[in-house]
Amino acid sequence: MAVSFLSTVPSLLPLVPAPLNIAATSASRYPTVSVTIRCNKIEVDTAKEDRFHRRDILKCVGATIGMELIRSSGTFVEVAEAADLIQRRQRSEFFSSIKDTLYQAIKANRDIIPSLLTLALNDAITYDKASKSGGPNGSIRFSSEISRPENKGLTVALNFIEEAKKEIDSYSKGGPISYADLIQLAAQSATKQTFLAAAIRKCGGNEEKGNLLYTAYGSNGQWGLFERNFGRSDTQEPDPEGRVPQWDKASVQELKDKFSALGLGPRQLAVLSAFLGPDQIATETLLAADPEVFPWVQKYQRSRETVSETDYEVDLITTFTKLSSLGQQINYEAYTYPVKKVDFSKLKL
């Protein structure tokens with residue numbers, strides 16, 4: 001905003017009175033003192049002639065301009081906040097639509113759940129701390145990567161992602177969804193459906209009661225941080241080979257070493273047992289043979305027998321959230337779009 005110096009000066013005139021001399025009421029008791037009152041200071045001067053200095057004018061002008069900027073800045077703040085709210089709403093609406101699309105697609109094909117979990121894990125676990133490369137960047141979509149031995153059997157999950165992407169892109173107003181986001185969101189949806197299925201089983205197969213149980217005691221409210229990390233970017237090349245173990249052939253020590261390189265430990269390895277292959281029970285039997293992993297396997301097995309499964313579900317969400325953002329710079333403006341302005345001049349009243 002431009003501020004004219006000339007337009008500001010007149011408003012200062014009332015603030016710059018002539019020097020005010022206050023005489024003592026009794027000359028015999030008090031000497032005569034000249035008190036100069038200026039816009040931003042008071043000086044007592046008994047010897048010098050009162051003069052108004054240029055720097056005093058500049059200080060007054062600066063103060064006036066500063067106050068005007070502070071007053072008018074509220075408008076800019078309000079505009080920025082409004083734009084931010086619009087973008088949040090756009091992302092929230094898009095995210096809700098994606099969740100609904102994935103929920104319906106996975107519900108119709110529950111056999112794909114284990115593959116979706118492993119697909120998300122294998123895309124994320126390529127992260128290398130030393131070079132800060134890899135991670136959940138959608139690289140697993142490339143044929144040269146999905147065909148690697150560690151990704152055997154995951155083509156069906158990738159095909160599912162491709163079909164879901166077509167549908168989601170068809171209604172997206174803010175551009176196509178990235179593979180990096182969609183792969184992790186599909187795994188989230190798959191995980192939530194395993195939680196819901198467990199609640200339904202505990203209610204004797206009654207879906208209505210199972211849904212109520214999961215809503216009341218489940219971990220649905222724990223996904224906040226995961227869902228805020230929405231805006232991953234796709235890489236344009238496959239990640240280097242040799243960063244993902246073959247889960248069905250690696251020893252427990254090799255799995256521990258891989259997780260340790262990512263800043264994860266036996267606890268996180270145990271809670272991700274469902275991601276390490278199609279048979280969670282077989283995976284946990286293997287992991288339980290290790291004395292460091294065994295206590296955690298036991299803890300989560302016991303947790304899954306409780307009504308709420310709190311320990312298991314919360315720890316799984318926490319670990320998965322960390323994995324799903326390794327090395328990623330989240331674009332929090334992704335999938336937003338300009339709002340069309342209304343031309344009121346064309347409205348017929």
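Visitor: What makes the crossing of helix 6 and helix 7 right-handed or left-handed, and which is it here?

Guide: In this predicted model, helix 6 passes helix 7 in a right-handed crossing. That term applies when the near helix is turned clockwise from the far one by less than a right angle.

Visitor: Which residues of helix 6 and helix 7 meet?

Guide: Lys192, Phe195, Leu196, Ala199, Ile200 and Lys202 in helix 6 meet Glu207, Gly210, Asn211, Leu213 and Tyr214 in helix 7. Sorted by class, this contact has six nonpolar, two polar and three charged residues.

Visitor: How do you know that the side chains of arginine 232 and aspartate 181 meet in a salt bridge?

Guide: The distance from N to O is 2.6 Å, and the cut-off is within 4 Å; therefore the pair counts as a salt bridge. Arginine 232 lies in the loop between helix 8 (224-228) and helix 9 (252-261), whereas aspartate 181 is in helix 6, so the pair ties together parts that are 51 residues apart in sequence.

Visitor: Why are arginine 232 and aspartate 181 each called buried?

Guide: Buried means under 20% relative accessible area. Arginine 232 has 3% and aspartate 181 has 0%, so both are buried.

Visitor: What links glutamate 309 and lysine 202?

Guide: Their side chains meet in a salt bridge of 2.9 Å, N to O. Glutamate 309 is in the loop between helix 12 and helix 13 (310-323) and lysine 202 is in helix 6, 107 residues apart.

Visitor: Why are lysine 166 and glutamate 163 said to be separated by about one helical turn?

Guide: Lysine 166 and glutamate 163 are three residues apart in helix 5 (residues 155-171), which means a separation of about one helical turn. Their side chains meet in a salt bridge of 3.5 Å, N to O. Lysine 166, at 56%, passes the cut-off of over 50% and is therefore exposed.

How values were computed:
Residues are numbered from 1 along each chain as its sequence is written. This is a predicted model: local features need pLDDT of at least 70, side-chain atom pairs count only at pLDDT 80 or more; totals for chains, interfaces and linings use all residues. Side-chain values use heavy atoms; hydrogens and water are left out. Helices (H or I, at least four residues) and strands (E, at least two) are DSSP runs, numbered from the N terminus. Contact means heavy atoms within 4.5 Å. Ala, Val, Leu, Ile, Met, Phe, Trp, Tyr, Cys and Pro count as nonpolar, Asp, Glu, Lys and Arg as charged, and the others, Gly among them, as polar. Buried means under 20% relative accessible area, exposed over 50%, partly exposed in between (1.4 Å probe, protein chains only).
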